[in-house]
Amino acid sequence: MASLSLTTERLLIRDWRVEDADAAFRIYGNPEVAMWLAPMMQRVTDPSAMRSVLEAWVESAPNLAPPTGRWAMVRRSDNVLIGGLALRLLPPYEEDIEIRWQVSQHEWGKGYATEGARALLGWAFTQDVDEIFAVARSSNARAVSTARKLGMEWVGETTKYYGLLLQVFRVRRADFNGPVPPRE
């Protein structure tokens with residue numbers, strides 16, 4: 001996969017770097033953030049473990065078929081890493097693509113997840129993808145709200161993914177209410 005860099009009004013979405021470990025640990029090591037990641041990803045327990053996770057993400061990035069991947073979300077005004085975004089294949093059949101977002105607890109409620117995810121969706125729809133899903137526990141009001149703000153349609157609930165009862169949201173390219181950059 002080629003390197004990705006997207007710019008929004010307030011954010012830079014870029015490839016992860018191993019040097020992001022301390023800032024990433026403040027996100028993925030925070031129990032309030034990590035509780036929504038399991039079972040796909042467990043809470044990272046220390047900066048050294050976060051460094052190992054980032055090393056694995058950086059090493060695997062070239063082997064991922066577009067549009068799948070993982071990216072850092074950096075606030076442009078001060079160059080602070082505030083979150084992460086991912087596009088990945090949903091288990092168990094690995095046919096459907098899921099968008100995921102994680103934002104530092106200190107940045108919740110500021111619209112960063114919606115802004116970053118909207119830019120990533122726009123890019124993903126240039127990669128011959130017709131639809132993208134988001135899944136969330138019904139108790140994760142922030143994720144459900146973000147999916148709705150992205151214009152994602154609720155399509156039901158299922159235990160198919162991750163063995164949890166999850167709300168499923170979908171957006172199709174034709175219904176996407178954000179900018180889709182020109183194909184490269």
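This is a predicted model: local features need pLDDT of at least 70, side-chain atom pairs count only at pLDDT 80 or more; totals for chains, interfaces and linings use all residues.
Trp16, Tyr28 and Trp57 come together as one aromatic cluster, and the structure as a whole holds 5 aromatic pairs. One of them is Trp16 with Tyr28, an edge-to-face pair with 6.1 Å from centre to centre and 65 degrees between the planes. Its two members sit 12 residues apart: Trp16 is in the loop between strand S2 (11–15) and helix H1 (21–28), while Tyr28 is in helix H1 itself. Trp16 has a relative accessibility of 6%, so it counts as buried. The value for Tyr28 is 2%, so Tyr28 counts as buried too.

Another pair brings together Trp71 and Trp123. Their ring centres are 5.8 Å apart and the planes meet at 70 degrees, so this pair is edge-to-face. Because Trp71 belongs to strand S3 (residues 69–75) and Trp123 to helix H4, the pair ties together parts that are 52 residues apart in sequence. Both Trp71 and Trp123 are buried.

What about the nonpolar side chains? In soluble globular proteins, these tend to be buried together. Here, the largest nonpolar core has 34 residues, and Leu87, Ile99, Trp101, Leu120 and Ile132 are the ones with the most contacts inside it. At least two residues each come from S2, S3, strand S4 (80–89), S5, H4, S6, H5 and strand S8 (166–172). Helix H4 is the top contributor to this core, giving 8 residues. For a closer look, take Ile99: setting aside neighbours within four places in sequence, its contacts are Ala86, Leu87, Ala117, Leu120, Leu121, Ile132, Phe133, Ala134 and Met152. There is also a second, separate core, made of 16 residues and including Ala21, Val33, Met41 and Met50.

The largest pocket contains about 620 Å³ of it. This pocket is lined by 33 residues, and those closest to its centre are Trp101, Asn140, Arg142, Ala143 and Thr146. Strand S5 (97–103), helix H4 (112–124), strand S6 (131–136) and helix H5 (141–149) are the elements that give two or more residues to the lining. Strand S5 has the largest share, with 6 residues. By type, the lining splits into 19 nonpolar, 7 polar and 7 charged residues. Trp101 turns up in both stories: it is among the residues with the most contacts inside the largest core, and also among those closest to the centre of the largest pocket.

Terms used
Residues are numbered from 1 along each chain as its sequence is written. Side-chain values use heavy atoms; hydrogens and water are left out. On a 1 Å grid over the protein atoms alone, a cavity is a set of points where a 1.4 Å probe fits but cannot get out, and a pocket is an open set with protein on both sides within 12 Å along at least five of seven lines; lining residues have an atom within 4 Å of a point. Grid points are joined across faces, edges and corners, and a volume is the space filled by probe spheres set on the points. Helices (H or I, at least four residues) and strands (E, at least two) are DSSP runs, numbered from the N terminus. Ala, Val, Leu, Ile, Met, Phe, Trp, Tyr, Cys and Pro count as nonpolar, Asp, Glu, Lys and Arg as charged, and the others, Gly among them, as polar. Rings of Phe, Tyr and Trp (its six-membered ring) pair if their centres lie within 6.5 Å; planes under 30 degrees apart count as stacked, over 60 as edge-to-face and the rest as tilted. Buried means under 20% relative accessible area, exposed over 50%, partly exposed in between (1.4 Å probe, protein chains only). A nonpolar core is a set of buried Ala, Val, Leu, Ile, Met, Phe, Trp, Tyr and Cys residues joined through side-chain atoms within 4.5 Å. Contact means heavy atoms within 4.5 Å.
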